[in-house]
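I opened this notebook to record what I looked up in the structure, entry by entry. The sequence and the model are placed here for reference.

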Amino acid sequence: MHVHGGPTSASSPVLNLTTQYWTSRGFAVIDVNYGGSTGYGREYRDRLKGNWGVVDVRDAANAVRYLIDKGLVDERRVAIAGGSAGGYTTLASLVFTDVYAAGASHYGISELEIFAKETHKFESRYMDGLLGPYPEAKDVYYNRSPINFTDGLSCPVIFFQGLDDKIVPPNQAELMVEALRKKGLPVAYVAFEGEGHGFRIAANIKRSLDGEFYFYSRVFEFDPADDIEPVHIDNL
């Protein structure tokens with residue numbers, strides 16, 4: 001399950017080389033335009049108003065359940081991944097649902113209150129429409145933050161993070177990594193010097209793809225055909 005960023009963005013039905021990376025290695029990929037995604041009219045877009053961390057999580061999980069019911073995917077090997085807002089939906093999906101066996105967060109958000117206080121000025125009021133104004137809606141921010149509900153997390157997760165990220169600072173990943181380590185769950189953390197929000201250096205883009213694939217190969221117990229640089233995984 002790939003979750004697009006934004007969150008009020010959308011995935012397009014065009015050639016995507018990242019998707020090809022996965023399908024050429026035996027993965028089925030579903031890319032859901034959950035409620036709130038653009039391109040389907042105002043009513044559909046407004047489904048996410050006040051419901052970020054609810055509608056997106058539910059729509060993604062329902063898509064997976066549909067595929068499981070149809071016998072199209074192996075329910076024991078369903079992973080979810082996304083970057084930025086998609087990373088947030090990934091982490092929220094892992095703590096608030098039980099349909100995934102692994103996850104990969106690329107510079108995702110884990111603590112919404114910290115994010116509201118620390119993110120850059122351009123997006124500083126973005127969440128007023130997604131969650132509610134802060135601090136008036138402080139309870140919503142708490143209740144939608146994955147870091148506060150790690151008791152519901154029971155599967156391996158890998159994190160990729162740019163250390164120069166000013167939009168989603170490294171502490172968002174590091175909080176979750178530490179929580180998983182304390183729980184004894186398999187967890188990996190790959191940090192990139194000189195990278196901001198979204199990776200730009202070709203070697204790091206390759207490393208994040210290969211690293212995620214290597215992580216799944218260990219978690220789901222299969223042997224990659226390619227010679228991939230290992231990623232250190234705690235508690236595995």
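**Entry 1. Histidine 4**

I began with the side chain of histidine 4, which makes a polar contact with the side chain of serine 37 at 2.8 Å. A polar contact is a pair of N or O atoms within 3.5 Å; within protein, one must be able to donate a hydrogen and the other to accept it, and residues adjacent in sequence count only if both atoms are side-chain atoms. I noted that this is a predicted model, in which local features need pLDDT of at least 70 and side-chain atom pairs count only at pLDDT 80 or more, while totals for chains, interfaces and linings use all residues. Residues are numbered from 1 along each chain as its sequence is written, and side-chain values use heavy atoms, with hydrogens and water left out.

I located histidine 4 in the loop between strand E1 (2-3) and helix H1 (17-23). Helices (H or I, at least four residues) and strands (E, at least two) are DSSP runs, numbered from the N terminus. Is histidine 4 buried or exposed? Its relative accessible area is 4%, and histidine 4 is buried. Buried means under 20% relative accessible area, exposed over 50%, and partly exposed in between, with a 1.4 Å probe and protein chains only. Not counting residues up to four places away in sequence, histidine 4 touches Ser9, Ala10, Ser11, Asp31, Val32, Asn33, Tyr34, Ser37, Ala85 and Gly86; contact means heavy atoms within 4.5 Å.

**Entry 2. The sheet**

I then traced the strands. An open sheet is formed by 6 strands in the order E2-E1-E3-E4-E5-E6, with parallel pairing. E2 and strand E6 (187-192) stand at the edges with a single partner strand each, so one side of each is left without a neighbour in the sheet. Two strands pair if DSSP finds at least two bridges between them. Strand E3 (residues 79-83) and strand E4 (residues 102-106) run parallel and are joined by 5 bridges. I looked up isoleucine 80 and found that its bridge partner in E4 is glycine 103.

H4 lies across E1, E3, E4 and strand E5 (157-162), and runs at about 150 degrees to E3. For such angles, axes are lines fitted to C-alpha atoms, for helices over the stretch in contact, and angles run from 0 to 180 degrees between N-to-C directions.

**Entry 3. Helix H3**

I checked the length of helix H3 (residues 55-69): its 15 residues should span 21 Å at 1.5 Å a residue, and its end C-alpha atoms are 21 Å apart, which agrees. The expected span of a helix is 1.5 Å times one less than its number of residues. Among the buried residues of H3 are Val55, Val57, Ala61, Val64 and Leu67. What covers the buried residues of H3? The cover includes strand E2 (31-32), helix H2 (42-45) and helix H4 (85-96). Glycine 71 follows H3 and has a positive phi, near 75 degrees.

**Entry 4. Tyrosine 141**

Tyrosine 141 is found in helix H7 (residues 138-143). At 1% relative accessibility, tyrosine 141 counts as buried. Its contacts, not counting residues up to four places away in sequence, include Leu112, Glu113, Met127, Leu131 and Tyr134. I also noted that the C-alpha atoms of tyrosine 141 and isoleucine 114 are separated by 9.5 Å, with the two residues 27 apart along the chain.

**Entry 5. Salt bridges**

How many salt bridges does the structure hold? I recorded 9. A salt bridge is a side-chain nitrogen of Lys or Arg within 4 Å of a carboxyl oxygen of Asp or Glu. Aspartate 74 and arginine 76 form one at 3.0 Å, N to O; aspartate 74 is partly exposed at 29%, and arginine 76 is exposed at 65%. Arg42, Asp46 and Lys49 are linked in a network of salt bridges.

The side chains of glutamate 229 and arginine 207 meet in a salt bridge of 3.8 Å, N to O. Glutamate 229 lies in the segment after H9 and arginine 207 in helix H9, so the pair ties together parts 22 residues apart in sequence.

**Entry 6. Helix H9**

I closed with helix H9 (residues 202-219), in which 18 residues reach 26 Å from first C-alpha to last, close to the 26 Å expected. Of these 18 residues, 13 are buried, so H9 is largely enclosed by the rest of the structure. Just after H9, glutamate 221 takes a positive phi of about 60 degrees.
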